[in-house]
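Hello,

Here is the structure I promised to pass on. Please open it first, then read my notes below.

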Amino acid sequence: MSTEQVQWADSVFVVYAINDKTSFDLARTMVEYVYSVSVQNQLPVALVANKSDMLDRKEVSDTEVSRLCAEFNLFFFETSASESRKSVADLFTTLSRQVRHIMKKREKLTSFMSNPAVAAKLQIRQSLRNLAERTWRARTSTL
């Protein structure tokens, strides 16, 4: 996956098999990569544990999964593509709702910032901050 692909993505699914520790390690690497190249870390990322019907062969502990999800604020889903399509559908539904929510927030912010009065007010505030910094520096310079 290239940097451009991640920057243009609306969301990312990282899937690993619960009966394969190597796939989980690779999933961790992919999550770290996505967060290192994503813009402003507002990209919803889902960690998907596949083959949840194979609990007797499980190689990845719940603690490892919890730590990874907490560290990167990931959505977590357990699925079994062979048993139930509902869990896969829930995954897509939940993440698409999150993407829609983020898009609406961005749209509101863009329309708010495009208002000339808001832009002028922000420019005045920035000018006042710059002026205050210059004044403060002038006063603190002593012998």
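**Charge pairs and helix contacts**

Arg28 and Glu32 sit four residues apart in helix α2, so about one helical turn separates them. Keep in mind throughout that this is a predicted model.

The side chains of Arg28 and Glu32 meet in a salt bridge, with 3.7 Å from N to O. Arg28 is partly exposed, at 25% relative accessible area. Glu32 is partly exposed too, at 35% relative accessibility.

Arg28 has another partner. Its side chain also meets that of Glu71 in a salt bridge, at 3.5 Å from N to O. Glu71 lies in helix α3 and Arg28 in helix α2, so this pair ties together parts that are 43 residues apart in sequence. Glu71 is exposed, with a relative accessible area of 51%. The cut-off for that label is over 50%.

How many salt bridges does the model hold in total? The count comes to four.

Now look at Asp25. Asp25 forms a salt bridge with Lys21, and their closest N and O atoms are 3.3 Å apart. Both residues lie in helix α2. They are four residues apart, about one turn of the helix. Asp25 counts as partly exposed, at 37% relative accessibility. Lys21 is partly exposed as well, at 26%.

**Aromatic pairs**

Next, the rings. There are three aromatic pairs by count. In one of them, the rings of Tyr16 and Phe24 have their centres 5.0 Å apart. Their planes stand at 75 degrees, so the pair is edge-to-face; the cut-off is over 60. Are Tyr16 and Phe24 buried or exposed? Both are buried.

Another pair is Tyr35 with Phe72. Their ring centres are 5.4 Å apart and their planes are at 40 degrees, so this pair is tilted. Tyr35 lies in helix α2 (residues 21–37), and Phe72 lies in helix α3 (residues 62–72). The pair therefore ties together parts that are 37 residues apart in sequence. Tyr35 counts as buried, at 15% relative accessibility. Phe72 is buried too, with a relative accessible area of 14%. Buried here means under 20%.

**A charged patch**

One more stop, on the surface. Arg97, Arg100, Lys104 and Lys108 gather there in a patch of positive charge. Arg97 is found in helix α4, which covers residues 85–113. Is Arg97 buried or exposed? Arg97 is exposed, with a relative accessible area of 58%.

**Where to start**

Then go to the rings of Tyr35 and Phe72. Finish at the positive patch that includes Arg97.

Best wishes

Notes
Residues are numbered from 1 along each chain as its sequence is written. This is a predicted model: local features need pLDDT of at least 70, side-chain atom pairs count only at pLDDT 80 or more; totals for chains, interfaces and linings use all residues. Side-chain values use heavy atoms; hydrogens and water are left out. Patches are made of residues with over 30% relative accessible area and no salt bridge: like charges are joined within 9 Å, nonpolar side chains (Val, Leu, Ile, Met, Phe, Trp, Tyr) within 5 Å. Accessible areas come from the Shrake-Rupley method with a 1.4 Å probe; for residues, only the protein chains shown count as cover. Lys and Arg count as positive and Asp and Glu as negative; His and the chain ends are not counted. The place of a charge is taken as NZ of Lys, CZ of Arg, CG of Asp or CD of Glu. Helices (H or I, at least four residues) and strands (E, at least two) are DSSP runs, numbered from the N terminus. Buried means under 20% relative accessible area, exposed over 50%, partly exposed in between (1.4 Å probe, protein chains only). Rings of Phe, Tyr and Trp (its six-membered ring) pair if their centres lie within 6.5 Å; planes under 30 degrees apart count as stacked, over 60 as edge-to-face and the rest as tilted.
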